[in-house]
Amino acid sequence: MTATEASTKLGVPDQLFIGGSWRPAATGAQLDVHDPATGDVLASIADAGVVDGVAALDAAVAAAEDWAATPPRVRGELLRAAFDLLQERREHFAAVMTAEMGKPHREALGEIAYGGEFLRWFGEEAPRVSGRFGDNPSGTGRIVVSRRPVGPCYLVTPWNFPLAMATRKIAPALAAGCPVVLKPAELTPLTSLLFAQLLSDVGVPAGVVNVVTTAAPAAVSERIIADPRLRKLSFTGSTPVGRRLMAQASTNVLRTSMELGGNAPFLVFDDADLDAAVDGAVSAKFRNTGQACTAANRFLVHRSVAEEFTARMAERVAALVVGAGTDPDVTIGPLIDDRAVAGVDELVSDAVDRGATVRTGGARLDRAGSFYAPTVLADVPPGSRLLREEVFGPVLAVVPFDTEDEAVALANDTEYGLVSYVFTRDLARGDRMIDRLDTGMMGLNTGLVSDAAAPFGGVKQSGVGREGGAEGLDEYLSTKYTLIAR
Ligand SMILES: O=CCCCC(=O)O
């Protein structure tokens with residue numbers, strides 16, 4: 001089968017979506033998309049260059065005024081229609097996500113439920129944008145504060161959640177009245193093309209959403225970000241790339257939202273409910289095969305329960321079923337590619353060389369595709385790279401601690417500050433952790449915090465800005481103050 005036939009079989013458009021219509025790349029170039037479970041080519045789609053990126057921005061700029069003037073209720077109802085149609089098409093979306101990203105089918109359905117909620121939530125928020133007014137203190141005029149859409153936005157999304165990261169940006173932008181250019185990751189562009197089709201089918205006007213898929217993201221992004229007509233950049237991805245994009249965005253003083261790397265601590269105190277902690281650890285670590293910025297990276301466990309926790313985790317993790325995401329029994333899919341497998345293996349070898357003990361897993365799986373065995377490591381020594389760097393794979397590293405102060409110091413000993421997880425039955429201690437842990441989000445007795453109604457985001461080098469909740473809409477609005485003279 002040729003790649004193009006495969007693309008047709010997946011039922012995904014294979015061209016760029018610009019100004020409401022599908023078109024090939026100006027150069028005719030094609031980009032191959034691979035199945036991480038087999039390494040086979042899944043589809044061959046348009047590979048945009050700088051010229052296409054500019055055309056997409058042209059289309060967004062042309063649509064900006066009308067979209068900003070579209071009544072908020074109408075914008076909200078389009079988002080709600082997109083939510084409904086996504087539910088109807090969820091099996092198709094799940095199949096495409098599993099094919100291009102590798103996540104197990106049930107996780108793909110979970111991502112559709114999660115990602116869809118951004119459409120529903122921001123559809124409901126669109127008519128609720130409000131301002132304020134009042135007399136100025138000298139009594140010479142009335143202060144009117146209103147909120148306006150920031151203008152054309154450039155949205156750059158990662159490969160690990162191909163739908164949810166797109167809806168988390170597109171939905172608030174559209175609710176606020178901003179047109180967008182979406183650039184999905186080159187490893188997983190198909191879901192975004194399918195989503196562009198869905199938005200077009202529900203009647204989102206031409207030019208409001210444009211999608212450019214490209215194997216040259218740096219060049220395309222640099223050109224779009226340098227364009228003075230762009231007003232906002234939103235990026236989810238690694239901290240090094242985020243830093244570079246922020247520097248580029250500074251030239252035109254763009255509004256930026258950055259969801260960057262994480263190195264989440266997962267604290268288990270001696271009074272924790274260990275059943276809940278083990279369940280929480282499975283979701284905080286093994287969701288998406290550990291490929292999430294929110295994935296727990298360092299399991300800090302009180303010494304008195306460290307052995308029991310580790311033994312129970314090793315048993316649970318050894319029972320996870322690894323394989324192609326299309327197999328309904330599979331709970332752990334492949335990593336995104338072989339480079340990712342090599343990176344995980346390096347970090348595990350480094351920890352083991354320094355004295356960590358492998359309790360289960362610990363090696364690449366000897367089979368075709370990019371698979372790494374779900375792993376539990378005990379007694380990971382300080383100085384191990386695993387404790388400093390984001391693993392982005394199915395590796396759970398346990399570090400024992402003796403006191404609350406030591407646990408907090410270890411948890412905060414990182415340049416990142418996205419999320420932390422705390423398991424304790426002591427409410428006062430849980431409350432103290434809210435103040436003491438330097439992260440933008442915290443799960444107290446839960447291993448999953450993501451929610452369309454909540455502000456997702458980090459502190460320190462995990463980023464700036466929030467996505468989701470009322471705060472997520474603010475990111476796409478600017479504040480306008482008018483003084484009405486008396
Ligand atoms: O890598 C970051 C993706 C965020 C996943 C989530 O929203 O839970």
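**Before you start.** The model is predicted, so to speak of local features a pLDDT of at least 70 is needed, side-chain atom pairs count only at pLDDT 80 or more, and totals for chains, interfaces and linings use all residues. Residues are numbered from 1 along each chain as its sequence is written, and side-chain values use heavy atoms, with hydrogens and water left out.

**Stop 1: the two domains.** Colour domain 1 (3-261 + 463-485) and domain 2 (264-415 + 419-451) in two colours; both give residues to the shell around the ligand, so the ligand lies between them. The domain bounds come from an automatic or database domain assignment.

**Stop 2: the shell.** Now select Tyr114, Asn160, Phe161, Met165, Arg168, Arg287, Ala292, Cys293, Thr294, Ser450 and Phe456, which surround the ligand (a residue is near a molecule if one of its heavy atoms lies within 4 Å of it). This shell divides into six nonpolar, three polar and two charged residues. Here Ala, Val, Leu, Ile, Met, Phe, Trp, Tyr, Cys and Pro count as nonpolar, Asp, Glu, Lys and Arg as charged, and the others, Gly among them, as polar.

**Stop 3: the ligand's oxygen atoms.** Show the side chain of Ser450: one of its polar atoms lies 2.4 Å from an oxygen atom of the ligand. Next, pick Asn160, where a polar side-chain atom is 2.8 Å from a ligand oxygen. For Arg168, an N or O atom in the side chain is 2.8 Å from an oxygen atom of the ligand. How much of the ligand's 270 Å² does the protein bury? The protein buries 98% of the area that the ligand exposes when taken alone (areas come from the Shrake-Rupley method with a 1.4 Å probe).

Stop 4: Rolling a probe the size of a water molecule over the atoms shows where empty space is left. On a 1 Å grid over the protein atoms alone, a cavity is a set of points where a 1.4 Å probe fits but cannot get out, and lining residues have an atom within 4 Å of a point. The largest cavity has a volume of about 80 Å³, the space filled by probe spheres set on points joined across faces, edges and corners.

**Stop 5: the second largest cavity.** Finish by selecting its lining, including Ser283, Tyr421, Gly447 and Leu448. This cavity has a volume of about 60 Å³.

Key: Polar contact = N/O pair within 3.5 Å; in protein donor to acceptor, adjacent residues only side chain to side chain. 1 Å grid on protein atoms, 1.4 Å probe; cavity = no way out; pocket = protein on both sides within 12 Å on 5 of 7 lines; lining within 4 Å.
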